[in-house]
Amino acid sequence: MLDETVATILRSIYVSGAATLLAMVWSVPCSLLLATRGKSRVVEAVVESLVGVPTVLIGLLLYLLLSSSGPIYRLLGVRLLYTPQAMVLGQAVLVTPLLISTTYRLLRISVRNLWELAMSLGASRVQAALLVLRESVPGIVASGIMGFSRAIGELGVALMLGGNIRGYTRVVATAIAMDVAAGEFEEAIVLGGVLVLVVVLVAVCTKLLTRVYGD
Amino acid sequence: MTEVELVDIWFRYPNTAMFSLRGVSVTFRSGEFTVVRGPNGAGKTTLLKVASLIYRPSAGRVLVDGGDYWSLDEGRRLGKRREVVYVHERPVLIRGRVLDNVVYGLRLRGVGEGVAIETCREVMEELQLWELRNVDVRKLSAGQAQLVAVARALVLEPRLLYLDEPLAHLDEERRLLLLQALERARERGTGVVIASHQDLGGLGVDRVVMLSEGKVVRNLYLR
């Protein structure tokens, strides 16, 4: 029982961590692009409104894409539904608007000033971009922590794309939902506490690592 | 001699209808001490950023030693840009120690760390920053941060140095230190251009450029 619980917690960290890192691959360049361009208010508004899209809607859309009658299977022949990979993809899509929105807000002032600073001190465009990226690390990490917290706590995508298969796609959020449905409230509460603890621990460790890196 | 000549410059920020600079023509030269004055919103900061080759004007030409800067390829632009330095009104410092900031421009130019530190030492001692060299920039006062930004610019020995309200956060002692350092830079041939509301305390100003509503309304040579 304990082994299964530990495995579920580790799987949650793996799935949500991988999803956050995957989402950062496209979200960080998008945020930098938004922060360096002046005409971005419409895009900014659209991205911010997408932060609140219900997770079950994203789960449903991706379910239709990944199911055996969906375009991904038909075109590529890859069966992704009810796998951890599908959950990673779904959570990555889910946290993308949040990551872009928070990273952009953190960067939009500093990027302009840093770019000007680098230019004024005689940096090439590559050197200027490297400076901006280096100085943006704490902001990007903070956004990543927010994305991870959102991903690990969501239920809709994990349930619809993972299916809560014991020992394979069961994560803490789906395990809590299952415990509640079965009337196992004590276990659900313990798992809920573990979920909060994991999020806090990951945030603290990442911040400490960033500080070490920064100094 | 380095000369930056602005010819009929118009500048408008993105998403704004108003032009911040409207048909400005003015020349800045190395070895000259120029003060740019004008009320808030007159376009002083924008003028300095266009003249320091950071902002591309909406219309007009920026001539560096007679050549049109914005029609050069990126490699030649970089060479020209390394002759001029701009210092923000609110100092922009990078994460790390004071020394990391002051050597940054030299490191961009490929100078080795040891040589860069030795090169910085004189300027940092002049501005009483050497003792602070290992202090995290987050622990600096506003005045100290301003001096670090100026030191970072001075160690590059630019042909033209633009400073936006450099005295804003400084007490009397630091003001004097800074003005003396700028005077010495001018003696070495650097052109100094200061946008300031404040009295420069008997500094040998060569010229005053007055701006109002994005236009040069007076270009007065004092000597």
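**Exercise 1. Two helices side by side**

At what angle do helix α5 (residues 142-154) of chain B and helix α6 (residues 172-187) of chain B pack, and how far apart are their axes? Then classify the arrangement and describe the contact.

*Solution.* Note at the start that this is a predicted model.
- Step 1. Two packed helices are described by the angle between their axes and the distance between the axes.
- Step 2. For α5(B) and α6(B) the angle is about 10°, and the axes lie 11 Å apart.
- Step 3. Angles under 35 degrees count as roughly parallel. Therefore α5(B) and α6(B) are roughly parallel to each other.
- Step 4. Now find the residues that meet. α5(B) brings B:Gly143, B:Leu147, B:Val150 and B:Leu154. α6(B) brings B:Arg174, B:Leu178, B:Ala181 and B:Ala185.
- Step 5. Sort the residues of this contact by class: six are nonpolar, one is polar and one is charged.

**Exercise 2. An enclosed helix**

How many of the eleven residues of helix α3 (residues 98-108) of chain B are buried? Say what they pack against.

*Solution.* 
- Step 1. A residue is buried if 20 or more other C-beta atoms lie within 10 Å of its own.
- Step 2. In α3(B), the buried residues are B:Val98, B:Leu99, B:Asn101, B:Val102, B:Val103, B:Tyr104, B:Gly105 and B:Leu106.
- Step 3. That makes eight of the eleven, so α3(B) is largely enclosed by the rest of the structure.
- Step 4. The buried residues of α3(B) pack against α4 (113-126) and α5 of chain B.
- Step 5. Look just past the helix. There B:Gly110 has a positive phi of about 85°.

**Exercise 3. The six-stranded sheet**

In what order do the strands of the open six-stranded sheet of chain B run? Trace the sheet from β6(B).

*Solution.* 
- Step 1. The order is β6-β7-β8-β3-β9-β10, and the pairing is mixed.
- Step 2. β6 and β10 (215-221) of chain B stand at the edges with a single partner strand each, so one side of each has no neighbour in the sheet.
- Step 3. On average, neighbouring strands of this sheet are turned by 15° against each other, direction ignored.
- Step 4. β6(B) runs parallel to β7 (residues 160-164) of chain B, and four bridges join them. B:Val84 faces its opposite, B:Leu160 in β7(B).
- Step 5. Move on to β8 (residues 191-195) of chain B. β7(B) is joined to it by five bridges, again parallel. Here B:Tyr162 stands opposite B:Val193.
- Step 6. Check the faces of β6(B) (residues 84-87). B:Val84 and B:Tyr86 on one side are buried, and so are B:Val85 and B:Val87 on the other. Both faces are covered.

**Exercise 4. Where the chains meet**

How many residues of chain A are in contact with chain B?

*Solution.* 
- Step 1. 17 residues of chain A contact 18 residues of chain B.
- Step 2. On chain A, α5(A) gives the most, with six residues.
- Step 3. By class, this side of chain A has six nonpolar, seven polar and four charged residues.
- Step 4. The predictor gives the complex an ipTM of 0.91 and a pTM of 0.80.

Note on methods:
Residues are numbered from 1 along each chain as its sequence is written. Chains are lettered from A and ligands numbered from 1 in the order in which they are written. This is a predicted model: local features need pLDDT of at least 70, side-chain atom pairs count only at pLDDT 80 or more; totals for chains, interfaces and linings use all residues. A residue is buried if 20 or more other C-beta atoms lie within 10 Å of its own, exposed if 12 or fewer, and partly exposed in between; C-beta atoms are placed from the backbone. Two strands pair if DSSP finds at least two bridges between them. Two residues are in contact if their C-beta atoms, placed from the backbone, lie within 7 Å. Ala, Val, Leu, Ile, Met, Phe, Trp, Tyr, Cys and Pro count as nonpolar, Asp, Glu, Lys and Arg as charged, and the others, Gly among them, as polar. Axes are lines fitted to C-alpha atoms, for helices over the stretch in contact, and angles run from 0 to 180 degrees between N-to-C directions. Angles under 35 degrees count as roughly parallel, over 145 as roughly antiparallel, 65 to 115 as roughly perpendicular and the rest as oblique.
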